[in-house]
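Hello,

Here is the structure for you to look at. My notes follow below.

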Amino acid sequence: RVTGVQTCALPICQGAVGGQGLELIHRTTVDEVPYAICPFQNKVLIGVGRLLRLYDLGRKKLLRKCENKHIPHLVVDIKTVGERIICSDAQESVHWVKYRRAENQLVTFADDTTPRWVTTTCSLDYSTVAIADKFGNLSLVRLPQSTNDDVDEDPTGTKSLWDRGLLSGAGQKAECIAITHIGETIISLSKSALIPGGSDSLVYTTLSGTVGMVVPFTSNEDHDFFQHLEMHMRGENPPLCGRDHLSYRSAYYPCKNVLDGDLCEQFNTLEPSKQKGIADELDRTVAEVSKRSEEHTSE
């Protein structure tokens, strides 16, 4: 049985002489377990419990510069995009934070309206972030173009109720532009181009060892074709256990703006009569539908 106060430390190491190992410089004791660390403007952002802190490197320990106390439960991930900081909470999705250098403050200027139990995130551009949660959902969340990140903190809590925004959180809210249920807990996300000269894709890995990817459509024609193909495949090729495909992909949140490539790929496994029926509905031949599905699923 362990009694007393358990302390956590942040060790700072550097490469040893000859590059054969690491040499300990110093340790810094913190109040709670740090779950997330991210470099930021020659400093380091560290999530200590529910606190987001900015540290600078000192001679004997890390020097705390400022902190944000408005993360609800536990900081599990930190990403930076330019001047913006994307801080993920264990239960309340992501929060966008801006570091105000003149006032030395970390100010939350936007957050999400939907609770998400975040496992990992990936920044796609300056305003868009991909979020994976522990229930197997993958979401794309974007800040509106009208978002203003130059906001002031309200330490006294006297700001008017109509200025506090929806759900008593930040004054500005993100929009969910796409979401689907993967079915497995995603533990890593990465934006990368797997083919030289190809478009960027969102690659994910899951707890059970699956490696998958989400590919953006480059034309409305492709999107319409696969949307109708997916609709026909839902009716002609139902799951073996009898569960509705759309209800599975919408297990926790309604599926939005994501098509199931695995389902479309099963077109080639159907009986010739069903393939002919679907191709006729799409005003194409069986060979055209088969070739097009193979080209896009192989990407």
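**A hairpin and its sheet**

β16 and β17 form a hairpin with 4 residues between them. In the turn, Gly 209 has a positive phi of about 100 degrees. Strands here are DSSP runs (E, at least two residues), numbered from the N terminus.

This is a predicted model, in which local features need pLDDT of at least 70 and side-chain atom pairs count only at pLDDT 80 or more, while totals for chains, interfaces and linings use all residues. Residues are numbered from 1 along each chain as its sequence is written, and side-chain values use heavy atoms, with hydrogens and water left out.

Two strands pair if DSSP finds at least two bridges between them. Within this pairing, Val 203 stands opposite Met 213 in β17.

β16 also has a partner in strand β15 (residues 186-192): 6 bridges join them, and they run antiparallel. Here Ser 192 stands opposite Ser 201 in β16, and Ser 188 stands opposite Thr 205.

Together, the 3 strands form an open sheet in the order β15-β16-β17, with antiparallel pairing. β15 and β17 are the edge strands, each pairing on one side only. On average, neighbouring strands of this sheet are turned by 25 degrees against each other, direction ignored (axes are lines fitted to C-alpha atoms, and angles run from 0 to 180 degrees between N-to-C directions).

Strand β16 (residues 201-206) is mostly covered, with 5 of its 6 residues buried (under 20% relative accessible area, 1.4 Å probe, protein chains only).

Regards

Methods: Buried < 20%, exposed > 50% of the residue type's maximum accessible area, 1.4 Å probe, protein only.
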